[in-house]
Amino acid sequence: FSGAYTLGNLGTIGVQAQVLDYGEILETRADQLFRDPTTGVFNLGFTGNTISPSAMVFGLAYSRMLTTQFAFGVTAKYAYEDLIAESAGTYMFDGGILFKTGLRSLDVGMTLRNFGPEVTYINDGYPLPQLFVIGFSGLLLGSENDAFLMPTEEHKVMFAYDLSQTRDHSQQQHLGLEYSYRNLISLRSGYKVNFDEESWTAGFGINVNRFKLDYSYNDFGEFLGNVQRFTFNFELQ
């Protein structure tokens with residue numbers, strides 16, 4: 001869940017809440033590994049019990065346009081994870097800036113996510129999944145002052161590129177295109193570079209009055225197959 005409220009010239013505040021339920025998992029223990037001497041059946045460590053790990057994140061955000069070309073945003077979050085045998089929680093922070101270059105519709109942005117202290121499980125400390133992203137976007141087709149290729153009022157084609165660096169992976173890239181007609185219907189396609197499993201993405205969006213519906217398809221490769229997402233958005237006045 002997420003929501004935002006604009007405070008006029010003072011900026012915008014937002015809240016978010018994410019809850020992850022892993023479902024029930026069969027419990028296994030190393031001391032339960034044995035082979036039945038009578039039947040010869042080997043027990044893989046199952047105890048007969050089930051466990052239900054969970055995780056959650058709550059956050060409060062603030063953003064503001066400092067000038068007509070420069071904006072910033074910050075988020076403070078608290079994350080908690082329950083792994084049954086151990087649990088831990090910590091605070092973390094996100095920060096980002098957006099710069100409208102003034103060169104047609106070219107925008108440049110940077111974000112740093114999940115900045116915070118190590119999380120300790122038992123006696124060992126583990127760093128947070130810190131992520132740094134820099135990217136840019138612009139309109140190939142659009143209004144006369146925004147389009148890089150051809151001006152048009154009814155059709156828009158946006159391009160986007162991101163370069164991201166995670167703590168536990170080499171640099172990854174995202175490329176995307178979005179076509180929209182009169183801001184009512186959008187078609188999207190993208191490709192992810194240097195991901196272990198993910199590659200092509202596609203989707204569409206419908207925007208009617210204050211209601212938005214978005215759908216995305218993501219190829220997650222051999223193990224997860226395709227992942228599909230639906231997003232509903234309603235703008236209050």
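Modeller: Let us begin with Phe204, which is partly exposed at a relative accessible area of 30%, where buried means under 20%, exposed over 50% and partly exposed in between, with a 1.4 Å probe and protein chains only. This is a predicted model, in which local features need pLDDT of at least 70, side-chain atom pairs count only at pLDDT 80 or more, and totals for chains, interfaces and linings use all residues. Residues are numbered from 1 along each chain as its sequence is written, and side-chain values use heavy atoms, with hydrogens and water left out.

Colleague: In which strand is Phe204 found?

Modeller: Phe204 is found in β16, a strand being a DSSP run of E with at least two residues, numbered from the N terminus.

Colleague: Is Lys77 buried or exposed?

Modeller: Lys77, which lies in strand β6 (residues 70-82), is buried, because its relative accessible area is 10%.

Colleague: With which side chain does the side chain of Lys77 make a polar contact?

Modeller: A polar contact is a pair of N or O atoms within 3.5 Å; within protein, one must be able to donate a hydrogen and the other to accept it, and residues adjacent in sequence count only if both atoms are side-chain atoms. Here the partner of Lys77 is the side chain of Asn114, at 2.9 Å.

Colleague: What else is Lys77 in contact with, leaving aside its neighbours within four places in sequence?

Modeller: Contact means heavy atoms within 4.5 Å, and on that reading the residues touching Lys77 include Gln16, Phe58, Thr90 and Asp94.

Note on methods:
Helix = DSSP H or I, 4+ residues; strand = E, 2+ residues; numbered from the N terminus.
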